[in-house]
Amino acid sequence: MQTIIEPFRIKSVEPIRRTTTAEREECLRQASYNLFLIDAKNILIDLLTDSGTSAMSTEQWAAMMRGDESYAGSESFHRMRAVVQELTGFRHVIPTHQGRAAERILFAVMCRPGHLVPNNTHFDTTRANIEATGAEAVDLPLPEAADTQLRMDFKGNMDVAALEKLLEEAPPGRVPLVMVTVTNNSGGGQPVSLDNIAAVRRVCVRHGVPLYLDACRFAENAYFIREREPGCHALSPKQIAQRMFAYADGCTFSAKKDAFANIGGLLCTNDDRLAAQETNLLILTEGFPTYGGLAGRDLDAIAVGLEEVLELDYLRYRIASVGYLGRRLADGGVPIVEPPGGHAIYIDAARMLPQIPRSEFPAQALAVELYRHAGIRAVEIGSLMFGEHARHELLRLAIPRRVYTQSHIDYVVESLLEINQRKHELRGLEIVEQPPFLRHFSARLRPL
Ligand SMILES: *Cc1c(COP(=O)(O)O)cnc(C)c1O
């Protein structure tokens, strides 16, 4: 059989609400054309993020009922730690309330002003937490990754030659750790090969610098390796994930991505001395080391989710459904970032709407029209989000895990192809009010 189906059936449903175009136009006016300010009840299909928006399974809900809410030494923690240790091999497993809390603790312990932290591409919270310590976050993506139309198997790889050069030229002790983000989220959800992680590892060992994975989408990355990397097809996603982790000295992780949990994060390391310092910081702001800011039931949901996410049937469906959206849009003439990544499709709005200059936010104009036309929410990743640092003007359609069916995706495709037919009618926006940082969350705009 060729047809790839959703490898689950639906037991509990959550109604979504249709609105009229007139209602949506009123919502847009009231939200000042910022989709973060629209209430979820007025959204039909929400592709704002894949973070914390997964549907949990019957086994996860059952596990939550077993949650042990003891302050210290809870059984839920022991169950979660056993799963994580088996998967990653890391000795110390520190729970946190989200990925960014793991980042804050890791960098607070490892980074000082003047330090450099290389990564294939830093996620925005990773960069912000590094910079909050006075250190500098350095992106070392492949040069080819700048071309949105180029198709490569592992477009998320780190530029190993650039890393080697940075480590050779940096004064001793200036680079406290190297990070690799799998998949490369800010780089379009593109995968990183095992070969690349191994090469980064060799460079790190030669310079005596530890390697950490930002492992948020480790399972999607493992599936791409299985499909694309020579010699890997006979391995299970779990075996591949174990190999990825074996190259690293530790990891940060957001359980809101590849653990199907609605909240949670992890910080793992093999370094006893660092773990002791990290645990002290954890107690200060997150909680006791056996719960780290989470309820016991959350730890159980993560433990089960980490096993389910590595099921081959699930990953095949996941990557196929994101790829399906990408192919149908591209075949219909909508320019997407190629090739489709693991968790989202990115539309190149600068290419689609050449009449709208970057200063008038073409990707936000497309986001507003997609909501006005069809009630779909996506997110601008361009000049509104990053100001003059923006490299591209993208609209990201992030796909929540196990939430939408193929007909939902077909509806998204039809809406975008209709908009593409009359794309020359779209106009830009201007900012009328903005906060001093992270302006995209609360800026107010007006159509031109
Ligand atoms: C989401 C994400 C984070 C941060 O995790 P939160 O749980 O949102 O705090 C860090 N890195 C990457 C690559 C992410 O996608």
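These legends go with a few close-up views of the predicted model. Local features are described where pLDDT is at least 70, side-chain atom pairs count only at pLDDT 80 or more, and totals for chains, interfaces and linings use all residues. Residues are numbered from 1 along each chain as its sequence is written, and side-chain values use heavy atoms, with hydrogens and water left out.

**View 1. An open, antiparallel sheet of 3 strands, in the order β9-β12-β11.** Strands here are DSSP runs of E with at least two residues, helices are runs of H or I with at least four, and both are numbered from the N terminus. Two strands pair if DSSP finds at least two bridges between them. At the edges sit β9 (344-348) and β11 (379-381), each pairing on one side only. From one strand to the next, the twist averages 30 degrees. Look for β11 alongside β12 (residues 394-398): this antiparallel pair has 3 bridges. One to pick out is E380, whose bridge partner in β12 is L395.

**View 2. Helices α12 and α14 on the sheet.** Helix α12 (residues 312-331) packs here, touching β9 and β12; touching, or contact, means heavy atoms within 4.5 Å. The direction of α12 makes about 20 degrees with that of β9. Axes are lines fitted to C-alpha atoms, for helices over the stretch in contact, with angles running from 0 to 180 degrees between N-to-C directions. Helix α14 (residues 362-374) also packs on the sheet and touches β9, β11 and β12. Its direction makes about 45 degrees with that of β12.

**View 3. E164 in helix α6 (residues 160-169).** E164 counts as buried, at a relative accessible area of 18% (buried is under 20%, exposed over 50%, partly exposed in between, using a 1.4 Å probe and protein chains only). Leaving aside residues up to four places away in sequence, E164 touches V203, R206 and H207.

View 4. The side chains of R217 and K257 each put an N or O atom 2.8 Å from an oxygen atom of the ligand. A backbone N or O atom of G99 is 2.9 Å from a ligand oxygen atom. On its own the ligand has 380 Å² of accessible area, and the protein covers 98% of that (Shrake-Rupley method, 1.4 Å probe).

Terms used:
Polar contact = N/O pair within 3.5 Å; in protein donor to acceptor, adjacent residues only side chain to side chain.
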